[in-house]
Amino acid sequence: MTSNMHPVLKPAQAMVLAAGLGKRMRPITDKMPKPLVPVAGKPMLDHVLDRLGDAGFDRVVVNNHYLGEMISDHVANRDFPVVVNSSEVELLETGGGVQNALPMLDDSAILVANADMYWTEGKDPLFERMIEAFDAEHMDALLAIAPVDGAFGYDGAGDFFWQVDGRLKRRGSAVAAPYFFTGVQILNPRLFEGLLPGNFSLNVVYDRALENGRCYGLVHDGRWFHIGTPEALQDAENALAE
């Protein structure tokens, strides 16, 4: 398999989304892409890549756009996991970004994670729990969700209801839902079949999986830090130091 820029010796089984603009993190992100903002002693992107390596992923695609050369330079010296860059001249959003990288990725199932997040593990590491829980026979999407109650820095109304069979249901017209989506997921690439290339959200593929009854949730059992602003970053650092 080859991409437009890199010969890919073998497909990667994971992707990290690192192409966002990080507008809410200004002025920190005026000269630094949000995935390189340090939390707990190292850039958020490195936390994600290190944990992917711990879970056994040896090749990971990382997309980039805003200050993208800083990201590609940063990951260039990693030997585990090896990083394959997917540079986006035009910002493709989450769905378009994954679709653009599909030629570099495994064609059975891929783990996709946002680069700009931080969490502490529960009883077992989140990525290992996701891999173990994904059942390709019944699932096209497995989304890691976290309880709204107790989430650090999250002030939204929640995204999903988690049903007794493990399937997810969107909040819809409800005032609130008990769980929010963390930005970690395992997806079957067939969810992208027939979608025109371009700029679109991963919500498009979640809706496909939801409609087919093949979108499931896994509840994270550690702490989740929603770091969207400089103030939230400082609050998170203070909480982690306690």
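A polar contact here is a pair of N or O atoms within 3.5 Å; within protein, one must be able to donate a hydrogen and the other to accept it, and residues adjacent in sequence count only if both atoms are side-chain atoms. Keep that in mind for the first stop. The model is predicted, so local features need pLDDT of at least 70 and side-chain atom pairs count only at pLDDT 80 or more, while totals for chains, interfaces and linings use all residues. Residues are numbered from 1 along each chain as its sequence is written, and side-chain values use heavy atoms, with hydrogens and water left out.

**Stop 1: Arg214**

Select Arg214. You'll find Arg214 in the loop between helix H5 (203-211) and strand S12 (215-219); helices (H or I, at least four residues) and strands (E, at least two) are DSSP runs, numbered from the N terminus. Arg214 counts as buried because its relative accessibility is 16%; buried means under 20% relative accessible area, exposed over 50%, and partly exposed in between (1.4 Å probe, protein chains only). Now show Met139: the Arg214 side chain reaches the Met139 backbone oxygen at 3.3 Å.

**Stop 2: back along H5**

Ala209 is also one of the buried residues of H5, along with Val205 and Tyr206. Those three sit on the same side of H5, because they cover an arc of only 105° around the axis; the arc is that of the directions from the helix axis to the C-beta atoms. Show strands S8 (141-147), S10 (168-170), S11 (179-187) and S12 next: the buried residues of H5 pack against them.

**Stop 3: S12**

Colour S12 by side. Cys215, Gly217 and Val219 are on one side, Tyr216 and Leu218 on the other, and all are buried. S12 runs parallel to S8, joined by five bridges; two strands pair if DSSP finds at least two bridges between them. Pick Ile145 to see what stands opposite Val219.

**Stop 4: across to S11**

From S8, step over to S11: these two pair in the antiparallel sense over six bridges. Leu143 has Gln185 in S11 as its bridge partner. How many of the nine residues of S11 are buried? Eight are, so to speak mostly covered. Finally, select strand S6 (residues 110-114), which runs antiparallel to S11 with four bridges, and find Leu111 with its bridge partner Ile186.

Notes: Contact means heavy atoms within 4.5 Å.
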